[in-house]
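Please read the following report alongside the sequence and the structure.

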Amino acid sequence: MGIKMKVVLAKTSGFCFGVKRAVDMVYEQLEKSKAGGIYTYGPIIHNEEVVSDLEKKGVKVINSKEELASLENVSVVIRSHGVSKDIYELMESNGINCIDATCPFVKRIHGIVEKESENGRRIVIIGNDGHPEVEGIKGWSKTPAIVVEDARTAENFNEKTGEKLCIVSQTTFNYKKFQDLVEIFEKKGYDIIVANTICNATEERQREALELAAAADVMIVIGGTHSSNTRKLYELCKSRCASTYYIQTLADLKLDLPNSVELVGITAGASTPNKIIEEVQNYVRFNF
Ligand code: F3S
């Protein structure tokens with residue numbers, strides 16, 4: 001390694017707080033109940049390695065509500081996205097031990113939606129319809145919630161005047177887009193409560209990656225090729241640092257570091273496990 005070369009790992013690289021907590025909870029549960037019978041409601045994370053490691057250890061994935069309904073007296077982990085209220089009820093009536101790994105930031109949205117819909121407000125969720133987190137949020141509203149993901153749907157919303165609304169957001173929605181959509185509703189003159197429930201984990205990861213890439217001679221971005229947030233990280237880094245590598249694991253890294261390199265920066269997408277990040281980091285630290 002060039003004498004002056006430094007390797008800096010972005011603090012916000014990899015799992016966000018909520019995903020880390022959820023994955024840890026599954027491993028903890030494995031420790032506790034040696035007898036098995038552990039399920040996750042949907043894959044715990046969008047990372048095949050983690051899911052297959054858990055599978056090898058006996059953790060099974062439930063893919064539908066029907067499948068859940070057919071189980072009794074087992075342990076089921078709810079992932080960070082959260083679920084609708086009826087899923088908790090179903091688990092309770094089937095005697096299922098519910099291990100709730102819903103991210104507390106998502107849980108907060110459930111609370112707002114339940115309370116405000118009870119108070120007679122119509123729930124508007126700014127987010128992507130069909131996304132599991134949005135589906136879960138919908139299921140806490142006492143009255144049918146509407147999902148808005150673009151300006152056209154917002155413009156077309158035409159409830160009677162005097163309608164009271166409560167607007168929340170999917171945690172990973174873009175803040176600028178959220179503001180623009182809220183503005184469309186505000187112009188319509190409804191009585192509105194707006195809860196900005198966007199989580200800043202993604203934004204912070206991107207901001208830190210940009211800063212690091214601006215200072216680095218070489219930048220390494222780790223994450224799945226299908227992971228849209230990793231791709232975004234890569235594009236941001238590339239815009240500041242021409243020599244940016246996009247790898248899935250250490251095996252993909254064909255690093256060429258001239259002596260003039262002083263700073264190598266590393267970041268990773270939201271579903272990249274720590275183990276892979278560490279392997280890459282150690283490799284760069286000790287082989288150049
Ligand atoms: Fe992660 Fe929870 Fe935010 S799952 S992205 S910390 S809402």
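## Ligand surroundings

Cys-16, Gly-18, Ser-80, Cys-103, Phe-105, Thr-171 and Cys-199 surround the ligand, each with a heavy atom within 4 Å of it. This shell holds four nonpolar residues, three polar and no charged; Ala, Val, Leu, Ile, Met, Phe, Trp, Tyr, Cys and Pro count as nonpolar, Asp, Glu, Lys and Arg as charged, and the others, Gly among them, as polar.

The model is predicted: local features need pLDDT of at least 70 and side-chain atom pairs pLDDT 80 or more, while totals for chains, interfaces and linings use all residues. Residues are numbered from 1 along each chain as its sequence is written, and side-chain values use heavy atoms, without hydrogens and water.

## Nonpolar cores

A nonpolar core is a set of buried Ala, Val, Leu, Ile, Met, Phe, Trp, Tyr and Cys residues joined through side-chain atoms within 4.5 Å, where buried means under 20% relative accessible area (1.4 Å probe, protein chains only). The largest has 27 residues, of which Leu-68, Val-76, Ile-125 and Val-168 touch the most other members. Helix H4 (85–93) is among the elements that each supply at least two residues, and H4 gives the most, with four.

A second, separate core of 19 residues includes Tyr-245, Ile-247, Ile-277 and Val-284.

## Strand crossover

Strands S4 and S5 (residues 97–100) pair in the parallel sense over four bridges; pairing requires at least two DSSP bridges. Helices (H or I, at least four residues) and strands (E, at least two) are DSSP runs, numbered from the N terminus. Ile-78 has Asp-100 in S5 as its bridge partner.

From S4 the chain crosses through H4 to S5 in a right-handed β-α-β crossover: with the strands pointing away from the viewer, the path from the first strand over the helix to the second runs clockwise.

Terms used: Buried means under 20% relative accessible area, exposed over 50%, partly exposed in between (1.4 Å probe, protein chains only).
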